[in-house]
Every structure is written in structure tokens, then in C-alpha cells.
Amino acid sequence: MNLTIVGAGYVGLVTGACFAQLGHNVICVDNDSDKIKALKKLKIPIYEPGLDDLVKKNFREGRISFTTDIAGAVKKSLVIFIAIGTPPKENGEADLTGIEKVAFTIARAMTDYRLIVEKSTVPVETGRWVKHTIEINKKKKVGFDVASNPEFLREGRAIRDFMHPDRIVLGVESKKAEGILRELYGRIDASVLVTDIRSAELIKHASNSFLALKISYINAVAKVCELSGADIEQVAEGMGMDKRVGRAFLDAGIGFGGFCLPKDLDAFITISQKLGYDFGLLKEVKKTNEFQKDDFIRKIESSLWNIKDKTIAVLGLAFKPDTDDMRFAPSIDIIQVLQRHGAVIRAYDPKAMHKAKKIFKGVKFCRDAYEAASSSDCLIILTEWQEFKELDFKKMKRLLKQPLIFDGRNIFAPEVLKGLGFKYVCIGKGAGIKE
Ligand code: UGA
């Protein structure tokens with residue numbers, strides 16, 4: 001099948017490369033000409049495991065191409081996916097002006113039946129507006145359908161998630177649109193849920209907000225564990241053994257970040273508000289997420305006494321491992337607060353430093369974890385990269401001014417670090433401080 005994917009960001013590129021891998025002919029369109037130039041030279045603008053190889057392979061085999069010419073791409077494609085960003089406006093609503101412009105351009109370029117699919121995360125009713133925009137701008141006799149096919153990819157494992165999804169949601173208004181989308185995903189073995197467009201749009205917001213709720217819930221339970229002397233990992237394990245609860249997304253830490261969960265949570269609160277419902281539960285989810293970062297800083301403060309002029313080694317900057325994405329990473333708030341308190345920051349991240357350098361001022365970026373630790377007053381872990389789990393702690397102890405670790409992701413066994421002579425402060429275990 002011939003497809004166009006509008007928007008060559010995380011979602012668009014992964015979706016395009018995976019559809020090409022399934023045998024479809026994919027044109028990836030973006031209005032950023034530098035990005036398209038780079039992609040034509042096979043320079044992938046993001047780090048996502050496996051994506052580089054997948055794009056190169058499918059480009060060489062002639063199934064994926066890159067252009068800024070959306071109208072030309074629409075002429076050659078039966079299905080057009082809209083996968084452009086919907087950044088938050090100041091009031092938390094998603095900015096949909098980009099979607100409207102794309103819908104307008106598609107309408108003007110269509111010469112024959114086209115299926116236009118929303119892939120970006122958009123508020124309920126966007127499908128109706130896309131349909132309206134195309135209807136009033138298209139040539140008279142051209143038929144079309146609009147559908148919603150939300151993506152559930154996680155950064156860092158997006159290709160695996162695309163190829164082996166828990167479900168494929170098809171929000172459609174016609175049998176024809178359903179048939180085309182079923183054929184498109186034909187080679188993927190997954191449950192398909194067919195819904196109306198509004199429900200498909202809502203499934204995405206409701207799912208991401210529920211994941212955020214799960215994380216805030218476990219973080220709140222972690223606090224009670226700290227105060228009561230319980231261990232959050234044992235509690236999460238016990239809860240997760242109940243199939244109705246499930247163990248996934250019950251890892252306590254410094255809170256959720258990234259471009260999806262925080263933004264979609266805000267958008268869902270605003271959407272509900274606009275519809276006349278005050279979704280107070282989700283407001284609490286947000287509050288708890290902020291508390292996690294503040295509480296982590298409080299723990300650092302209470303062990304260092306004064307933060308001013310202390311050197312802090314920060315391991316991990318990306319919002320989660322296996323990505324170079326820094327958007328809404330908890331590290332941003334935490335480092336900036338520590339800097340405001342007068343700390344000197346020495347930071348290291350395996351993949352995100354090039355992006356972090358554009359965000360932080362006055363941070364010393366280091367070659368590796370050991371360089372960061374060298375002569376620092378303490379070590380803080382903000383992202384659970386695998387390489388941090390394999391650190392040489394005897395070496396770390398020699399390098400640090402004092403053997404003090406604050407672990408915002410609970411990646412170490414407290415007894416082991418204690419045995420090595422560290423003071424280890426983590427989340428949700430006993431008093432939160434193991435000496
Ligand atoms: C999220 C959803 O998981 C995807 O299903 C969805 O498609 C995507 O948003 C999207 O809307 O595009 P992603 O933002 O890549 O995916 O990251 P997650 O794996 O969901 O992690 C989000 C944040 O939650 C990270 O900061 C992570 O560290 C944190 N987290 C996750 C926890 O603190 N605890 C957990 O148990 C799980």
C-alpha cells in the first residue's frame with residue numbers, strides 16, 4: 001500500500017519505518033527542510049534503538065523516502081497519517097493549528113479517494129474538525145474518510161511496541177476505512193479494537209493518564225513505605241501479582257516525565273474541564289508527581305546539610321533510559337533547583353548530553369560516570385540506564401569525597417551498597433535512608 005506519514009518526529013519516523021518494514025511504500029514528509037536533508041543522507045535525528053538500521057534497510061530497498069512536498073506525497077498515497085506534534089499551549093490545551101494546516105493542504109492536494117488517519121495524540125473532536133476542514137477545502141467530487149489510530153509506542157522500545165502491540169485501535173466511520181486499516185496492519189498479530197472516532201481519541205488520553213495515575217499512586221505508597229518502615233519494591237510486587245492490578249508501571253521514583261505523560265495528563269484535565277467536568281483526581285496525580293521531585297531534593301538537602309558550594313555528580317539526564325529525549329525530564333527541574341541552591345553540577349548521560357547541553361547552563365558535562373563522581377560530595381541517579389547498574393563501586397568510593405548516593409530510580413540493592421560502606425538514600429524503603 002502507498003502511505004504518507006506527515007511529521008518525521010518520534011512517532012512519524014518509527015511508524016513510517018515499521019510500515020516500510022511490513023512491505024508498504026512510505027513517504028515521510030516534514031516541513032523542516034534541514035531534517036529532511038539529513039534523513040535523505042540517512043542521518044536519523046533521534047536515538048531510538050533499532051530505528052537507524054530499520055530506516056537504512058528500507059531506504060536501500062526503496063520502500064521509504066523523505067520529502068518536504070506534502071502535496072506531491074498526498075497525490076501518490078492512498079492513506080495519509082498525520083503524526084505531527086501537538087505541543088501544549090499555556091493553558092494546557094493541545095495546539096492544533098498544525099493539524100488544521102496539514103488537513104487543509106491534504107484537502108487541496110487530493111485528486112481521488114484518500115483515507116486520512118490521526119496518529120498524533122489529539123483531543124476528542126479533532127477528527128470531526130479534520131473532516132470539516134477537508135470537506136470545505138477539497139475538490140467537489142473527491143471522496144475521503146477520516147480515522148483515528150492512536151499510537152501506544154514507548155520511547156526506547158518503540159519498534160518492539162509497533163511490531164508487537166497489546167492492541168490496535170481503529171476509530172472509523174466506514175467499512176471502507178476499517179478494511180484499509182486492517183489490511184495495512186494485516187501482518188501484525190494483535191487484537192484489533194474497532195470503535196467510533198471519538199472513543200479512539202479518548203482511549204489514548206485515558207490510557208496515558210491512567211499510566212500517570214499508576215505511577216503517582218505507587219509514588220504516594222512509596223512515601224507511606226518510607227514513613228512506616230516498609231519496602232516499596234516488596235509492596236509493588238505483592239500488588240502486581242494481582243492480575244487486576246498488574247506489576248507494570250509500579251516502579252517508584254522521582255516521577256514521570258517525557259513528552260507524553262505530562263502533556264497528555266494536562267490535556268485530559270483541560271478537555272474534561274471544557275466539557276464541563278472537573279477531573280480532580282488527575283490534578284492530584286500531577287501534584288504527587290511534583291512532590292516526588294521536591295521530596296528528592298529535600299532528601300539531598302537533609303544529608304548534605306548545606307547544598308551551596310557542594311559538588312553533585314548527576315548520573316542520567318534523559319527522562320528514561322534508552323532514549324536521548326530530554327523533554328520534561330525530571331532531571332531538568334531537579335538540577336535547576338540544586339543550581340539555584342548553589343550546587344556545582346557534574347553530569348553524565350550515555351545518550352542525552354547533546355540535548356542536555358542546550359538546556360543547562362553552568363553544568364560540567366563529563367565523559368563517564370567516574371569522571372562525574374570525581375571529587376563530588378555525592379552521587380545522584382536520575383535515570384536508570386543499564387550501565388549505571390554495572391558501576392564499579394569500589395572505584396566510585398575512591399573518587400567521591402564522601403560515599404553518599406541518592407538513587408531516584410531504586411536501581412541498587414541497599415544491603416550491597418551498605419556493605420561497601422556507602423550511605424544510600426533511595427525511594428520508598430524504610431526511612432528512605434540506609435546507612
Ligand atoms: C508513554 C506511554 O507509555 C506510551 O504507551 C504512549 O504511546 C506514549 O507515552 C505516547 O503517548 O506517545 P513514553 O512517554 O515513551 O510512553 O514513556 P513511558 O515508558 O510511559 O515512561 C514515562 C515516564 O514515566 C518516564 O519518565 C518513566 O521514568 C516514568 N515511569 C514509568 C515511572 O516513574 N515508573 C514506572 O513504573 C514507569
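Predicted model: local features only at pLDDT ≥ 70, side-chain atom pairs only at ≥ 80, totals over all residues.
**Entry 1**

On the domain 1 side, Tyr10, Tyr47 and Glu155 supply 38% of the area buried against domain 2, more than any other three residues.

I also looked for polar links across this interface. The rule finds 2 salt bridges there, a salt bridge being a side-chain nitrogen of Lys or Arg within 4 Å of a carboxyl oxygen of Asp or Glu. It also finds 5 residue pairs in polar contact, both residues at pLDDT 80 or more. For that term I noted a pair of N or O atoms within 3.5 Å; within protein, one must be able to donate a hydrogen and the other to accept it, and residues adjacent in sequence count only if both atoms are side-chain atoms.

**Entry 1: the cores**

Next I went inside. A nonpolar core is a set of buried Ala, Val, Leu, Ile, Met, Phe, Trp, Tyr and Cys residues joined through side-chain atoms within 4.5 Å. Buried means under 20% relative accessible area, exposed over 50%, and partly exposed in between (1.4 Å probe, protein chains only).

The largest core has 65 residues, and Ile312, Leu317, Leu338 and Ile380 have the most contacts inside it. Helix H13 (residues 330–340) gives the most to this core, with 5 residues. Helices (H or I, at least four residues) and strands (E, at least two) are DSSP runs, numbered from the N terminus. Apart from this core lies another, of 44 residues, among them Val26, Leu115, Ala177 and Ile180.

I then clicked on Leu338. Leaving aside neighbours within four places in sequence, Leu338 is in contact with Ile297, Ile300, Ile307, Ile312, Ala343, Ile345 and Ile380.

**Entry 2: salt bridges**

How many salt bridges does a search of the whole structure find? I get 35. Here are some I looked at one by one.

- Glu93 and Lys274 meet through their side chains at 3.6 Å, N to O.
- Arg154 pairs with Asp161, the closest N and O atoms being 2.8 Å apart; Arg154 is partly exposed at 33% relative accessibility, whereas Asp161 is buried at 8%.
- Asp324 meets Lys355 at 3.3 Å, N to O. This pair links distant parts of the chain, 31 residues apart: Asp324 is in the loop between strand E9 (311–315) and H13, and Lys355 is in helix H14 (residues 353–359). Asp324 is buried at 2%, and Lys355 is partly exposed at 22%.
- Asp325 meets Arg327 at 3.0 Å, N to O.

I also noted a network of salt bridges that links Lys223, Glu226, Asp295, Arg298 and Lys299.

A polar atom of the Thr15 side chain lies 2.6 Å from the backbone oxygen of Val11. Not counting residues up to four places away in sequence, Thr15 touches Ile5, Lys119, Leu153 and Phe162.

Asn289 sits in helix H12 (residues 280–304) and is buried at 4% relative accessibility. The Asn289 side chain reaches the backbone nitrogen of Phe256 at 2.8 Å. Beyond four places in sequence, I find Asn289 in contact with Ser216, Ile254, Gly255 and Phe256.

My last stop was Ser272 in helix H11 (residues 261–275), buried at 7%. With neighbours within four places in sequence left aside, Ser272 is in contact with Tyr277 and Phe279.

Notes:
Residues numbered from 1 in each chain as written. Heavy atoms only, no water. Contact = heavy atoms within 4.5 Å. Buried area = accessible area lost by both parts, 1.4 Å probe.
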